[in-house]
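Hi,

Here is the structure I promised to pass on.

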Amino acid sequence: MKGPSTTGFCLRLLRRQLVLAIRRPVEIGNPLLFFAVVVALFPLGLGPAPERLAEFAPGALWIVALLATLLTCDGVFRSDYDDGSLEQLLLSPQPLYLSVLAYTGAHWLVTGCLLGLASPVFALMLNLPAAAIGTLVAAVLLGTAVLSLLGCIGAALTVGLKRGGMLISLLILPLYTPVLIFGSAGVQAAASGLPAGPYLAILGAMLSLGIALAPLAIAAALRISIDA
Amino acid sequence: MSAGTPLLVASLLSLERGGRQLFSELSFEACPGELWQIVGDNGSGKTSLLRILAGLCRYGFDGRVARTSLPLYLGHLSAVKGLLTPRENLAWHIAGESEYSAARIESALASVGLYGYEDVPSHTLSAGQHRRVNLARLYLSDAPLWLLDEPFTAIDRQGVAALETLIETHVAEGGSVLLSSHQPLAVACPVRQLALPSGAIQ
């Protein structure tokens, strides 16, 4: 029996997710707006002194990026679960491992990737030293990909629940901590003129591990959620 | 009874939900050329049985299901995305099993009476039209075994007749169809009935 190639199927799935996101631009805009508003709150809370802002900037930017990703995770599988598309995906002869990787990739492209690309603007708002901006972009791009993978595990586990939002945070936030620690430490190092390479390498290692293992967990979680 | 190896063998299926035994020790074989109708009251476990047969439910029941190939399962949910057009929806539905072919999709949509609706957003369509987009998959699929959960819901009279003809053709070509429905089927081929919860076969 002739069937379409797995790569072709995954690209089609990725394109479908992106088309769905573009047709509902609010979903793309929300995390960016959230990022902008929260970053704008920091000078109000910490005081507008530039040195003080620069001191808190790496950690603050990372926490906001993390929360912005977390906010959007809940919806990754939600609508497909509600309208039955997920059942059909599970019955399709294609490997679920790669399909969920396509879901995660699409989620990262419309949240983490955009946040990473927009982060220099927010870094300037918090007076982050210019030398650290390159590291910030690289760290956010790498780190949010890990966050997307982890977040999708939570999304897949809670997709069968009517209100999974809070539960996702409880399940996933502890797993987010290593990314936060190494991500902000890398930016901190770059801001104080130290090499940030090792931190980025550790984020890259986490991403490789995530790509290898997270889809297995997501696929298993989806099967359980559909079964219930 | 029928020639050929069974497409689906269910042996000793039992299911309990919420402390109620929905059915117990259900055994049957669906062979090529057979049309099965699953009948039973609301809540008697028709949908649960079809989900078990499709392989969507893998735990929580007793017994075994053996399939020779992946079935085509159409459930209560239409799997139609409001933001996508019928053409895009259908292209995605069949993406896993066959190559994209614009002509095939167009002819399938025309067959279910959606000619002219290919490129409008699906959220402007009615519930019956959503169901029709879903049923267009029957024209595109190569799967020999169809599992249809209440396929006649929300469909108008011509639609029901067309679907019955399609099922007849599929069965005549050596496919097998299991469907749940409350209405009697107007088809020329013999219909085997599986009654829930007793499991009696006619």
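In chain B, 6 strands make an open sheet with mixed pairing, in the order 5-6-7-3-8-9. Strands here are DSSP runs of E with at least two residues, helices are runs of H or I with at least four, and both are numbered from the N terminus; two strands pair if DSSP finds at least two bridges between them. Strand 5 (72–74) and strand 9 (200–201) of chain B are at the edges with a single partner strand each, so one side of each has no neighbour in the sheet. Strand 8 (residues 191–195) of chain B pairs with strand 9 of chain B in the antiparallel sense over 2 bridges, and there Leu194(B) sits opposite Ile201(B).

Before I go on: this is a predicted model, where local features need pLDDT of at least 70 and side-chain atom pairs count only at pLDDT 80 or more, while totals for chains, interfaces and linings use all residues. Residues are numbered from 1 along each chain as its sequence is written, and chains are lettered from A and ligands numbered from 1 in the order in which they are written.

Chain B also has an open antiparallel sheet of 3 strands, ordered 2-1-4. Its edges are strand 2 (20–30) and strand 4 (61–67) of chain B, each with a single partner strand, so one side of each is left without a neighbour in the sheet. Strand 1 (residues 8–17) of chain B is paired antiparallel with strand 4 of chain B over 6 bridges, with Asp62(B) as the bridge partner of Ser14(B).

Now for chain A, which has 10 helices and 0 strands. Its radius of gyration (over C-alpha atoms) is 18 Å, close to the 17 Å that the globule rule (2.2 Å times the number of residues to the power 0.38) gives for 228 residues, so chain A is as compact as a globular protein of that length. The C-alpha atoms fill a box of roughly 65 × 35 × 30 Å along the principal axes.

And how do the chains meet? 22 residues of chain B are in contact with 20 residues of chain A (C-beta atoms, placed from the backbone, within 7 Å). On the chain B side, those residues split into 12 nonpolar, 6 polar and 4 charged (Ala, Val, Leu, Ile, Met, Phe, Trp, Tyr, Cys and Pro count as nonpolar, Asp, Glu, Lys and Arg as charged, and the others, Gly among them, as polar).

Cheers

Conventions. Contact = placed C-beta atoms within 7 Å.
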